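Please look over the sequence and the coordinates below before reading the report.

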Amino acid sequence: MSLQYLLSFILLLTHNMVLHCASAAVHSHSVDNLERESDGSFRARDFDHYSDSGHNSEFDHEAILGSVKEAEEFDKLKPEESRRRLGLLLTKMDLNGDQYIDRKELKSWILKSFINLSKEEAEERMSEVDNNRDGLVTWPEYLQDAFGVDAEEEISPEDTGDTGMLLREEKAMWSVADGNGDGALEFNEFKVFTNPEEHEVMFPFLVNQTLREKDTNKDGRIDFNEYIGERGSNEDKAWIISEKDKFEHDLDVNGDGVLDLTEIRQWVVPDNDEIAEEEVDHLFATADDDHDDLLSFDEVLRHHDVFVGSEATDYGGDLYGEHFGDEL
Ligand SMILES: *[C@@H]1O[C@H](CO)[C@@H](O)[C@H](O)[C@H]1NC(C)=O
Ligand SMILES: *[C@@H]1O[C@H](CO)[C@@H](O)[C@H](O)[C@H]1NC(C)=O
């Protein structure tokens, strides 16, 4: 990720701070309805890793534990107990059993954590939506939860629900997620519907949806003006310049001035592989004290507060306090 992109990202975060406030705080983004950035792309898993109030350890802890609930539980443990449990995890992470965690082992662990986090999110969401608890989400149940109506006729296809997606787009996405086509979503299908950006089967739909929304001249590609769309109308010049920079240097990979289908996917769908690699770099930079490009169990346990929380290092709590201290 280029520095400029990071900077404009931080600007954007600051800009939307009031909106994002609740989700930037402790472990709460699992039931976050603001799943998308203002340009329509899905938020990356690490979207609040660095914010205006600094580094947020919650992301690191979730990337190691693969569960928001478990990360919260660790925040309440005595440091010794938290270290002991982390020690147990290290033996699972250490695939070749050499008592060191190398970059590959850590990356593959983090990628599995992301899958676990996604599953946990879907479970939570399912418990909210599946009203009669039969293990299936029906379209009326979803309508009731996300749009607050009993029947589609009560709203217009142009209405947006909790996710900010148009009703007709949600409906189209529903049929793609409904793999067996029985009209209702079982858990594995609902998982795809809830986190489409983490399931390859949804990528063509997401690219198409982006085109339907933004490709006003219908040439199957997105140019800079289409990319900006209506968002530009109440923004200043600096914002346009930073978006232009992002478009030219990050999104338009082949530099031909437009985003093709591949570039649209790379923009809309966060790259978990890259995020996991950045997280590995971050954890190595913090904990690889002897710079041998390996993390000994001892190094990890010495820096346990970077990997998992405990009552002594409840950064989440601090961050929350600071945030509201600044705001009020
Ligand atoms: C993911 O979840 C499985 C099943 O609960 C668990 O055994 C595994 O350790 C978890 N992995 C990570 C990386 O969090
Ligand atoms: C996406 O659009 C293309 C071209 O219009 C179409 O062939 C394809 O079936 C669409 N895929 C989905 C998942 O909507």
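What follows is a short report on a predicted model.

L89 is found in helix 5, which covers residues 79-93. With a relative accessible area of 13%, L89 falls under the 20% limit and is therefore buried.

Leaving aside its neighbours within four places in sequence, L89 is in contact with I64, L65 and W109. One of these, L65, is 24 residues from L89 along the chain, and the C-alpha atoms of L89 and L65 are separated by 8.7 Å.

## Helix 6 against helix 14

Two packed helices are described by the angle between their axes and the distance between the axes. For helix 6 (residues 103-129) and helix 14 (residues 272-287), the axes come within 9 Å and cross at roughly 125 degrees, which makes helix 6 oblique to helix 14. The crossing of helix 6 and helix 14 is right-handed.

On the side of helix 6, the contact is made by R103, L106, K107, I110, L111 and F114, while helix 14 contributes N272, D273, I275, A276, E277, E279, V280, D281, L283 and F284. Sorted by class, this contact of helix 6 with helix 14 has nine nonpolar residues, six charged residues and one polar residue.

## Annotated EF-hand spans

In an unreviewed entry, UniProt lists residues 81-116, 117-152, 165-200 and 275-310 under "domain: EF-hand".

In the model, the chain over residues 117-152 is 61% helix and 6% strand, with its end C-alpha atoms 31 Å apart. For residues 165-200, the span is 53% helix and 6% strand, and the end C-alpha atoms lie 19 Å apart.

Notes
Residues are numbered from 1 along each chain as its sequence is written. Chains are lettered from A and ligands numbered from 1 in the order in which they are written. This is a predicted model: local features need pLDDT of at least 70, side-chain atom pairs count only at pLDDT 80 or more; totals for chains, interfaces and linings use all residues. Side-chain values use heavy atoms; hydrogens and water are left out. Helices (H or I, at least four residues) and strands (E, at least two) are DSSP runs, numbered from the N terminus. Buried means under 20% relative accessible area, exposed over 50%, partly exposed in between (1.4 Å probe, protein chains only). Contact means heavy atoms within 4.5 Å. Axes are lines fitted to C-alpha atoms, for helices over the stretch in contact, and angles run from 0 to 180 degrees between N-to-C directions. Angles under 35 degrees count as roughly parallel, over 145 as roughly antiparallel, 65 to 115 as roughly perpendicular and the rest as oblique. A crossing is left-handed if the near helix is turned anticlockwise from the far one by less than a right angle, and right-handed if clockwise. Ala, Val, Leu, Ile, Met, Phe, Trp, Tyr, Cys and Pro count as nonpolar, Asp, Glu, Lys and Arg as charged, and the others, Gly among them, as polar. UniProt positions are given in the numbering used here, feature names are shortened, and annotations may be inferred rather than shown by experiment.
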